[in-house]
Amino acid sequence: MDTDTRQKPRPSPPRRLGRSARRAALVVHVTASACWLGLSLGLLALGTTAATTESAVTVAASVRAMRLFADWLLPPVALLTLLSGLVLSLGTVWGLARYRWVYTKFWLTLATTTATVFALRPAVHAAVTAVAAGGPLPDAGDVLFGPVVSLSAYVFMTAISVLKPWGKTRRGRRSSTSTSRPFA
């Protein structure tokens, strides 16, 4: 019978970002998130203008501006927000699945990024196509629903980032080996 008395190597603890890297990632994340929030507010203003004006020229200008936001500004800002959030969660003591608020923010960011690409952009493109063909705005809800939902999600995510509610997840309670409080 073979008895191996050597101790098996323990997995090393996850690597954490240094102070400078953490601060840089936090600045990128907060800036990208604020940009996403601002772009959503801009989309809501443009969508409201398109839905409430009687001027065909104003409707056309509003939906074309929305297309610019949806095609060129929102996707990179959404991806930067998602990636910087992942770097922060995986590179700090907060972790991705240790705290409910971080986990919630990750899934909401992923959902809103997906909705931006696969729901908001096609709705804006359909509105631009209809208006460019000389028709009226097909459905005001198409240009208002996405920005309202996005804005609500971003305000909620901002609130839970500040308040950090709900405590640890089951995984976070299980893996907790330190009693020190993570940096805020």
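Biologist: Where does α3 bend, and by about how many degrees?
Modeller: α3 bends by about 40 degrees at threonine 116. The bend is the angle between axes fitted to the seven residues ending there and the seven starting there. Keep in mind that this is a predicted model: local features need pLDDT of at least 70, side-chain atom pairs count only at pLDDT 80 or more, and totals for chains, interfaces and linings use all residues. Residues are numbered from 1 along each chain as its sequence is written, and side-chain values use heavy atoms, with hydrogens and water left out.

Biologist: What span should α3 have, and what are its ends apart?
Modeller: Helix α3 covers residues 100-132, which is 33 residues. At 1.5 Å a residue they should span 48 Å, and the end C-alpha atoms are 46 Å apart, which agrees. The expected span is 1.5 Å times one less than the number of residues. Helices here are DSSP runs (H or I, at least four residues; strands are E, at least two), numbered from the N terminus.

Biologist: What follows α3?
Modeller: Glycine 134, with a positive phi near 95 degrees.

Biologist: Threonine 112, then. Buried or exposed?
Modeller: Threonine 112 is buried, at 8% relative accessible area. Buried means under 20%, exposed over 50%, and partly exposed in between (1.4 Å probe, protein chains only). Threonine 112 sits in helix α3.

Biologist: Which residues does threonine 112 contact?
Modeller: Trp36, Ala153, Tyr154 and Met157, leaving aside neighbours within four places in sequence. Contact means heavy atoms within 4.5 Å.

Biologist: Which residues of α4 are buried?
Modeller: Among them are Ala153, Tyr154 and Met157. The list also includes Val143, Gly146, Pro147 and Ser150.

Biologist: What covers them?
Modeller: The cover includes α1 (19-52), α2 and α3.

Biologist: And how many residues are in α4, and what is its reach?
Modeller: α4 has 24 residues and reaches 35 Å from its first C-alpha to its last. That is close to the 34 Å expected at 1.5 Å a residue.

Biologist: New topic. How many salt bridges in the whole structure?
Modeller: The search finds one. The side chains of aspartate 71 and arginine 121 meet there, at 3.1 Å, N to O. Aspartate 71 lies in helix α2 and arginine 121 in helix α3, so the pair ties together parts that are 50 residues apart in sequence. A salt bridge is a side-chain nitrogen of Lys or Arg within 4 Å of a carboxyl oxygen of Asp or Glu.

Biologist: Are those two buried or partly exposed?
Modeller: Aspartate 71 is buried, at 19%. Arginine 121 is partly exposed, at 25%.

Biologist: Which residues make the nonpolar surface patch?
Modeller: Leu68, Trp72 and Leu73 make a patch of about 340 Å². Patches use residues with over 30% relative accessible area and no salt bridge; like charges are joined within 9 Å, nonpolar side chains (Val, Leu, Ile, Met, Phe, Trp, Tyr) within 5 Å. Leucine 68 is in helix α2, residues 56-91, and is partly exposed at 47%.

Biologist: What about phi in lysine 164?
Modeller: Lysine 164 has a positive phi of about 50 degrees, although it is not a glycine. Most residues other than glycine have a negative phi. Lysine 164 is in the loop between α4 (140-163) and α5 (170-175). Tryptophan 166 is found in the loop between α4 and α5 too, with a positive phi near 80 degrees.

Biologist: Last one. How many helices and strands in the chain?
Modeller: Five helices and zero strands. Of the 184 residues, 35% count as buried. The accessible surface comes to about 11500 Å², of which 65% belongs to carbon and sulfur atoms. Accessible areas come from the Shrake-Rupley method with a 1.4 Å probe; for residues, only the protein chains shown count as cover.
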